[in-house]
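The paragraphs below move from one residue to its surroundings, and then to the chain as a whole.

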Amino acid sequence: MAADSGNPDLLPGEFDELRWYDGRDASGTSVVWRAGNLSVGEPVFAPVPGTAPGEGGYWMTYATDRTDASSWLLVIPADDPASGPVARVRIPGTGAPRPARELAAHAGVRTPAGRCRPERPPSLGHDARPLTR
């Protein structure tokens with residue numbers, strides 16, 4: 001799960017570490033990977049094709065670098081998540097998940113010094129239309 005380390009520079013809704021809990025361990029101990037300057041999302045499990053459940057795979061999550069707003073797909077080994085990513089895939093453009101940062105910036109929330117702040121609302125694209133109910 002994505003978690004907040006207590007870093008005062010995080011905006012509401014940003015997380016800078018990932019934690020894994022063993023549901024069979026009643027003590028509640030966890031394995032932690034601290035993401036440094038990355039804001040991370042909830043990880044999802046991707047099993048190795050052809051393996052039985054629990055035999056192997058990777059945790060994947062999107063992340064945004066808070067220093068330059070670059071976006072990444074992180075691949076973390078399930079057998080040693082505390083070691084951090086074994087691969088980082090750059091997501092081109094500005095589109096990757098920065099919803100908390102963008103919403104906060106456009107709502108008038110002050111962004112800590114040195115942090116990227118969008119100049120205008122994110123574009124929906126030329127053929128995209130907002131959802132209506």
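A residue is called buried here when its relative accessible area is under 20%, exposed when it is over 50%, and partly exposed in between, with a 1.4 Å probe and protein chains only. The model is a predicted one, in which local features need pLDDT of at least 70 and side-chain atom pairs count only at pLDDT 80 or more, while totals for chains, interfaces and linings use all residues. Residues are numbered from 1 along each chain as its sequence is written, and side-chain values use heavy atoms, with hydrogens and water left out.

Because its relative accessibility is 6%, Ser 70 counts as buried; it is found in the loop between β6 and β7 (71–77), where strands (E, at least two residues) and helices (H or I, at least four) are DSSP runs numbered from the N terminus. Once neighbours within four places in sequence are left aside, Ser 70 is in contact with Ala 63, Thr 64, Asp 65 and Arg 90, contact meaning heavy atoms within 4.5 Å. The side chain of Ser 70 is also joined to that of Trp 72 by a polar contact of 3.0 Å. Such a contact is a pair of N or O atoms within 3.5 Å; within protein, one atom must be able to donate a hydrogen and the other to accept it, and residues adjacent in sequence count only if both atoms are side-chain atoms.

Arg 88 lies over the face of Trp 72 at 4.3 Å from the ring centre, and Arg 90 lies over the face of Trp 72 at 5.7 Å from the ring centre.

Aromatic rings also meet one another. Rings of Phe, Tyr and Trp (its six-membered ring) pair if their centres lie within 6.5 Å, with planes under 30 degrees apart counted as stacked, over 60 as edge-to-face and the rest as tilted. A search of the whole structure finds 2 aromatic pairs. Trp 20 and Trp 59 form a tilted pair, with 6.3 Å from centre to centre and 55° between the planes, and this pair links distant parts of the chain, since Trp 20 belongs to strand β2 and Trp 59 to strand β6 (residues 57–65), 39 residues apart. Trp 20 is buried at 11% relative accessible area, whereas Trp 59 is partly exposed at 23%. The rings of Phe 45 and Trp 59 have centres 5.3 Å apart and planes at 65°, so this pair is edge-to-face. Phe 45 lies in strand β5 (residues 44–47) and Trp 59 in strand β6, so the pair ties together parts that are 14 residues apart in sequence. Trp 20, Phe 45 and Trp 59 form one aromatic cluster.

Elsewhere, Glu 14 is found in the loop between β1 (2–3) and β2 (17–21) and counts as buried because its relative accessibility is 6%. A polar atom of its side chain lies 2.8 Å from the backbone nitrogen of Leu 11, and the side chain of Glu 14 makes a polar contact of 3.3 Å with the side chain of Ser 39.

Taken whole, the chain has 1 helix and 8 strands, following the pattern β-β-β-β-β-β-β-β-α along the sequence. Of its 133 residues, 31% count as buried.

Technical notes: A charge sits over a ring if NZ of Lys or CZ of Arg is within 6 Å of the ring centre and within 35 degrees of the ring normal.
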